[in-house]
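Please read this short report alongside the sequence and the 3D view.

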Amino acid sequence: MGADAVNGFRSKKLWFPTKYFSLNALTLTLLSVAMKLPLDFNTNTYYSPTDLLPAKYISILFMSTAMANFMSCLGSMSDKEILANMVALGILVITVSANVLTQLFLLLNYFGHITGILPMMTPTILMLRLLVKLVSISIMVPTIKRRMEAKYQDMHKLVLKEEDMLNRRDTFVIDDLRRGMMKYWVMAETSSPQFLMARSVVCTTSSSFMCVILLVTGYNYMFGGVSRHVLVPKSSYKTSTVLILVIQSIGVAIGTIVPTLRWFAAVSFKCSAAQNWKSFKKAFKIESHWTQILVDCRDSFSGSQTRKCFHDAKWFAVTLCIGLQIFTLHLSKVFVVFSVLLTSPFFLSFILVKKMVNRRSFKVEGSVDDMNLNLKRYVLHLEGQAELPTRVLKNMYHDANNMIRTGRKKQPLSLVHLLGKFVSFSGVAQFDSDQIPSLHSHEPPNCWTLPVVTLTSIAIALPDIPKHRVKKLLRSVSEGLSLAKIVDKTLDKNAQLINIRKAADICWVGVVLYMKWLEIDLRRTSLKCKNSKEVLRELSIKAEGIIMKFKKEQKDPTMKNPLNWPAKVVASNSMYRITRTILLSYGIDEENKQTDEGLFEELCVMIAVILAACFTNLPRVITTMCHLNAIEKREKSVRKAFHLLGETEQVIELLQQKEWPYINHDQAAYIDEWRALFLQIDDGLETSMSNEEHLAITVVDS
């Protein structure tokens, strides 16, 4: 609870999203252990019945505080998780309440009047009331998720139309990307289920009412004299009672921070709304999303007429639940309106003073300011909620900029230096030649990372290469692969290349940690071979042997599909084709025309070209991360997108200086499509040159 409070302050989110303390099996188990004293019947039999009352009282307040902090976390759960966790919490709360109330009625003989046990009953009733509030919110969660998702998708279509220029690579600039991401950030933040839960009237009233009860009952026990019994405990718990009291009292004090400030933020939102006073007439309207699930359940019918009695019973029971839900909401709305009326003079005075100090209207800074982007257009509201104040949008914008700045601190400088080696994208087709015969009837497709890992392994195995150059290459490729993996994973929507990516990952772990490609020691190969020709031949022979062994031993018919091949065989096929292509392309078979360092440099350029082609997909990847995930995970995904933008800004700006080929987005996602494009271009050039030569010969003959 304290960690969530610190996180909220640090991110300037006074609605305090639940990140560390949420409703799950672990927290329920810990709370069950913390309820040991309220569940204990035996202590009242042998000792003074008031000895443990303060500690039991604090334990129940601790449970109530935890429940108040659970309010917003329901938004981040799936429907099944909500049902399971709420059932478990309900069993725990009802069990504790039943035990406590039973003990209190037994204590009537000791006190002689009901006022003696009334202070102890207050937190118990509060705990049951908070359970009702949690159930009320749980009923609403599935409906608001569906409705906010529909609103998000409608706004997403609008943003796509506005940002259509991003699809044109020749007009793309990084400011366009940042501007589009800012829209998605506001949409993701304001449609976040946790944000909607924290702003709901039920959560607001639960937080504020709990704080009032805590203050009143806390005063009663601190200054009413009851707490003195615990200072000299006579129970079997001895001094541990004092320890429990102190620890749980600290927990209650810390746990009230988040609910109190959630109430403060929600009330300030309503006070800041320009139409606040006019909206009071609509303040008591019950929005349909609160009762939609119950209404659907009541009106549904399945079965024959013989089940009419069961249908009538269900209709009556659900109608009663709807009435209780509406009654709970009316009470909550009354309390919210009362809170607004009570605190509005303070908030309105503060707003007036702030406007006098700063008369300028809110404008977004930087590039977004030049475009006159009105972020309020992209705020997604739930029916009945007040309009977001301008300061909240400011915080969202500054939060996004902070994420970009954080990403800039992790910029891959070694990778940028490597990318500076490539001149054009035409070299992306050079790592594999169609002239190399296949060892199998079908060839597996390539992902972006596998050729890079294979080329790096070959470069490391070359003899007479200085160690500092090898280390520098490894550092550059490590930075590049971390980004290329994101591209592969994001754009491979159907996960068709998952086995190919797995092969690249397995090989790279061996290369970067042990300088081994599969089981082949690259350093030993470098020392054993005299020149690059021998290195390439040895790697090619080893890779070919692995493939031929697999081909000979395979009996599973599913292995005819290269996508099902083992990772070792996929990696070997890549090594075989690339080494053979290098031997063919660079003419090493003829008198070692290429020097070792010269080939190393050529391999570095080839790696840079492949990574550069891969990173042309970064703008699309970043945009996809902003809107691809489910509503519960969308905010986290957009955060990662902003970090990725800051991390890759320098890479994207470097690529913008190059001439990009004309290739659509779907094709640009795959390296095989790039190869096919440039092979087609090369074939076209050869055909054109052949026609020109034929025409020239014809002219000379004539």
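How many helices and strands are there in the chain? There are 28 helices and two strands, taken as DSSP runs (helices H or I, at least four residues; strands E, at least two) and numbered from the N terminus. The model is predicted: local features need pLDDT of at least 70, side-chain atom pairs count only at pLDDT 80 or more, and totals for chains, interfaces and linings use all residues. Residues are numbered from 1 along each chain as its sequence is written, and side-chain values use heavy atoms, without hydrogens and water.

Of the 702 residues in the chain, 51% are buried. Buried means under 20% relative accessible area, exposed over 50%, and partly exposed in between (1.4 Å probe, protein chains only). The accessible surface comes to about 34,700 Å², and carbon and sulfur atoms hold 60% of that. Among contacts (heavy atoms within 4.5 Å) with a separation of 6 or more, 83% join residues 24 or more positions apart.

| Residue | Relative accessibility | Class |
|---|---|---|
| Lys-19 | 54% | exposed |
| Asp-399 | 12% | buried |

Asp-399 sits in helix H16 (residues 390-408). Beyond its neighbours within four places in sequence, Asp-399 contacts Lys-13, Trp-185 and Arg-639.

Lys-19 is in the loop between helix H1 (2-10) and helix H2 (25-34). Why is Lys-19 classed as exposed? Its relative accessibility is 54%, and the class starts over 50%.

Key. Accessible areas come from the Shrake-Rupley method with a 1.4 Å probe; for residues, only the protein chains shown count as cover.
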